[in-house]
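Dear colleague,

Please find the structure below.

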Amino acid sequence: MSRIGKIARRTFLIGSAAVVGGVAFGYYMYKRPVENPLLGGLGEGEAALTPYVLIDASGITLITPRADKGQGAYHVQAALIAEELDVELDQIKVDPGPPSAAYYNTALAGEGVPFPSTDDGMLAETARAVMDAPMKFLGMQITGGSTTVPDGWEKLRVAGAVARETLKAAAAEVSGINTTALTTAKGRVILPDGKEMTYEELAPVAAGIEPVTSVKLRAPEAWRFIGKPMQRLDIVAKSTGTQDYGIDFEIEGMVHAAVKLNPRQGGSVTSFDAAEALKLRGVTDVVQVTGGVAVLADNTWRAFQGAEAVACEWGPATFAPEMEAHWAALGDAIDGGAYDGRPRDDGDAAAATATDAVEAEYRAPYLAHAPLEPINATVLVGDDRVDVWTGTQIPRMTQNNVAKITGVDFDNVHVHGLMIGGSFGHRLEDDVVRRAAEVAVQVKGTPVKLTYSREQDMLHDYTRPIGMGRMKGAVKGGKVVALDYHVASPSVMDSQMGERQGLALPGPDSTITQAAWDQPYAIPDYRVTGYRVPGLAPVSSWRSVGASINGFFHEAFLDELIHEAGADPMAERIRLCTHEPTRKVLEAVAEMSGWSGPRPDTGVGRGVAMSISFGTACAEVVEVRQTEEGLKIENVWVAADVGRVVDPVNFDGLVKGGVVFGLGHAMLGEITYADGAAEQENYDSFEAMRINQCPNIFVRGLENGEKIRGIGEPPVPPAAPALANAIFAATGERLREMPFAKFIDFA
């Protein structure tokens, strides 16, 4: 990390340049290579450059700027580069690199266009290309939306190929042999006589020549890594307990800090008395931060104890203090108070459901992110430089926010990305870094490591939004013919990007209706309306964002309509599906599970659900059995289509993790508010699925889709409705509100 940190930002943006005795290779769009694409405008065919390969005398470093939160992001990014660079995975080091606009996320903009992901028409593709421009202008380096692989699929392989061909050109210059006679393997250029030249040896020569940007990517049959099981680069460290996370970071002279914040999130501290805290061993200071106080001490535990000892007077919450008001606000919004958008309006859903309609109201609670690693950040403020060490999914936003707090120029704020011990969207927020900076600026020259206690984290988490759906539907002739879908929730974009990052985004918030309006079902009268509810608890992106709510509402209510029609849940979904790759996903999960109906045996119920989220179609069948101890989730079958499975082992793990995450929260998860404060403060009151409750999970990855998609988030949305539908099949009880444990017992 320190070696990367020495590279000047401007130098790093140039494609091939001498760097501390080595060479950095970048990614060029084919049409027009330019020296610095971030300063050259954003016209049609404009070149873009992002540096991903650094070679010097110390070895080969692949730069992996998408944050790793346990999903194998570093590993997958490195494998894509290594595929074309011709290096073995055990020859390389990986490094997230410095924050840079060059690392803006190309794939993330696609979720915001008013076209479903299944639409590959000219208008839809043009809209996606247009949305790419603001991402580039703003330099939106963000890890999220299951975009690490879609974003890097081409640019990372091109970066590897550019580096490889440039190294071959360097070898040709040294040897006098034409590049066509040269080959590469295992980090070496091989001459016709068998002589080998290492990439490290060639790096100084390569730094002095123009990069070879006219490269051809290898055909799939030549791939050595992609599509094959690989040993993850971090597997040994994580299996042996030697992996360093942000919580493990230490630096000489560091002091520890803990916070005590107003339990009524967003409220102020009106006064505090630090006298008792300052009497404790190891406590050195107590300072005020936004919403509370921070205690400095010589270790984390003493800082925690000091924070407990500070007596504070708190201001009121900034939102409705009791849950009844939250639910009422959602209902009022649907009744006409807060229309946000209607992204789908096929036929005449109002007329089709005016009489004899099936009606239902669904509810989804606030949910905490609750990652295992306590959130933390270390900040050192100097006179004209700030260093931040933390795990973050938004390094450039953090850079900007820290610059504002400390008064140090943006370019002099250096964010060093560290491995994250779980996020689920939590590290898309940077409140811990901001408060660490608020403390560090008061003790300039001293590194401050701020660690939130579990209680402070959960009390002040920006949760998944609460949601309410009111639906009507109609059936005729054994088929579903109408669906009028209304959903209300607070806006993630308003709260997260607007209020906390200062990025006011125009138009409807697409996350409110995400995974409802864009599902490929040919229902003749089909309307989806979203309602934006202001004034409730602050919210944020939570794994799969709005799809986690709408996946449940949409697929569970569709199941109600199918049941009313007297049709088979699987067959009717397949009949309604208009998108061929998605239909194959449904057919695959039916084949995998041996689907023979929702009640294949006495006491057994099966439910199916399918959601497209972030462009990935994912279908799940959940099988439950009634036991004396309660309902037992026994088996789950999952099929998903991501276009290309980069690493089958990592894919399998991500899917299984998503299923466990989705089922566990459907069963048990809930954040509720009383007197303006969250009532759940730790894992004893915000429970997860226990290991003895974990079902068998069978996974199949399909590759029928034309586009490359991600898999981190898509397994979550179908889990809750598939479970709800299975419970109905087994018990006859239709659950329309999560968590389900409020209504039934789980074995």
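E359 has K472 in strand 20 as its bridge partner. This is a predicted model, in which local features need pLDDT of at least 70 and side-chain atom pairs count only at pLDDT 80 or more, while totals for chains, interfaces and linings use all residues. Residues are numbered from 1 along each chain as its sequence is written, and side-chain values use heavy atoms, with hydrogens and water left out.

Strand 15 and strand 20 (residues 467-476) run antiparallel and are joined by seven bridges. Two strands pair if DSSP finds at least two bridges between them; helices (H or I, at least four residues) and strands (E, at least two) are DSSP runs, numbered from the N terminus. In a regular strand the side chains alternate between the two faces of the sheet. In strand 15, V358, A360, Y362 and A364 make up the covered face, whereas E359, E361 and R363 make up the uncovered one.

**Aromatic contacts**

The whole structure contains 12 aromatic pairs (Phe, Tyr or Trp rings, the last by its six-membered ring, with centres within 6.5 Å; planes under 30 degrees apart are stacked, over 60 edge-to-face, the rest tilted). One of them is the tilted pair of Y362 and F553, 6.0 Å centre to centre with 45° between the planes. Y362 belongs to strand 15 (residues 358-364) and F553 to helix 16 (residues 547-565), 191 residues apart. Y362 is buried at 0% relative accessibility (buried means under 20% relative accessible area, exposed over 50%, partly exposed in between; 1.4 Å probe, protein chains only). F553 is buried as well, also with 0%.

W542 and F661 form another tilted pair, 4.9 Å centre to centre and 35° between the planes. W542 lies in the loop between strand 22 (525-532) and helix 16, and F661 in helix 19 (residues 648-668), so this pair ties together parts 119 residues apart in sequence. F661 also has the charged end of R543 over its ring, 5.2 Å from the centre (NZ of Lys or CZ of Arg within 6 Å of the ring centre and within 35 degrees of the ring normal).

**Backbone**

Most residues other than glycine have a negative phi, and most peptide bonds are trans. S544, although not a glycine, has a positive phi of about 85°; S544 lies in the loop between strand 22 and helix 16. M738 and P739 are joined by a cis peptide bond, with omega about 0°.

Yours sincerely
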